[in-house]
Amino acid sequence: MAFWGRKKIKVVYFDVGGVLINCDLERYIPICCAIFRTTPESLMREMNLRVPSLECGNINSRTFWRQIGESLWRNGEGTLADDVEFHDLWRNLMESTLSINEDVVKLCYIMSQSGIRVGILSNAIAEHADLLRERGIYAPFAPCLVSCEVGIRKPDEQIFRLAAEKAQVKPSECLFIDDIENNVIAAENVGMQGYVFTNAQALAEELLRRELLKA
């Protein structure tokens with residue numbers, strides 16, 4: 001991927017999950033299969049249909065789980081479940097397995113202190129956004145675009161245009177960092193520069209090459 005150096009980059013946008021933090025949200029699969037008395041395949045089919053609406057804030061978690069249970073029940077693939085069984089499920093899953101990628105966060109602070117703006121561009125549900133804000137994960141970042149709060153999710157190209165607009169810069173003046181290649185490609189399609197995250201050391205080397213960090 002081509003780059004143009006520090007003079008062109010004014011804002012570096014970071015994804016959160018898999019970049020700034022790690023957590024094991026996949027633990028919901030056996031938990032929810034037991035609650036609904038269904039199979040992982042049936043559960044994932046129903047979830048995948050509704051996750052975009054949940055991450056865009058169009059439905060809340062209570063509606064999300066109710067719709068899944070009703071669909072499984074209608075299809076003869078599971079049972080209905082009481083709302084109480086899902087109370088704080090998403091929050092507890094993240095909170096119990098959350099770890100911060102301190103090396104990446106340190107890079108963000110270094111860039112910020114040298115005059116490079118750092119922002120967040122993340123797909124997240126409301127419970128997770130609330131928890132991360134409480135933990136101060138979002139604090140160093142501005143602008144901070146979270147899908148459930150802006151009503152758009154990656155890889156919709158509109159969220160990348162909105163990110164540039166919020167930062168009051170051109171898309172070409174933004175670098176977007178994500179661990180999912182399709183999201184990076186979508187950012188590049190609107191003119192942003194992109195980088196697929198693998199680990200903190202490789203990212204530091206890339207930022208040095210782009211003159212966004214000093215050796």
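Glutamate 211 lies in the segment after helix H10 (200-209), where helices are DSSP runs of H or I with at least four residues and strands are DSSP runs of E with at least two, both numbered from the N terminus. The model is a predicted one, in which local features need pLDDT of at least 70 and side-chain atom pairs count only at pLDDT 80 or more, whereas totals for chains, interfaces and linings use all residues. Residues are numbered from 1 along each chain as its sequence is written, and side-chain values use heavy atoms, with hydrogens and water left out.

Although glutamate 211 is not a glycine, its phi is positive, at about 60°. With a relative accessibility of 51%, glutamate 211 counts as exposed, a class that requires over 50% relative accessible area, while buried means under 20% and partly exposed covers the values in between (1.4 Å probe, protein chains only). A positive phi, near 65°, is also found at aspartate 88, a residue other than glycine. Aspartate 88 is placed in the loop between helix H3 (61-74) and helix H4 (89-97), and its relative accessibility of 37% makes it partly exposed.

Cis peptide bonds were also identified. The bond from alanine 142 to proline 143 is cis, with omega near 5°, and proline 143 belongs to the loop that runs between helix H6 (126-134) and strand E5 (144-146). Lysine 154 and proline 155 are likewise joined by a cis peptide bond, for which omega is about 10°; proline 155 is located in the loop between helix H7 (147-150) and helix H8 (157-167).
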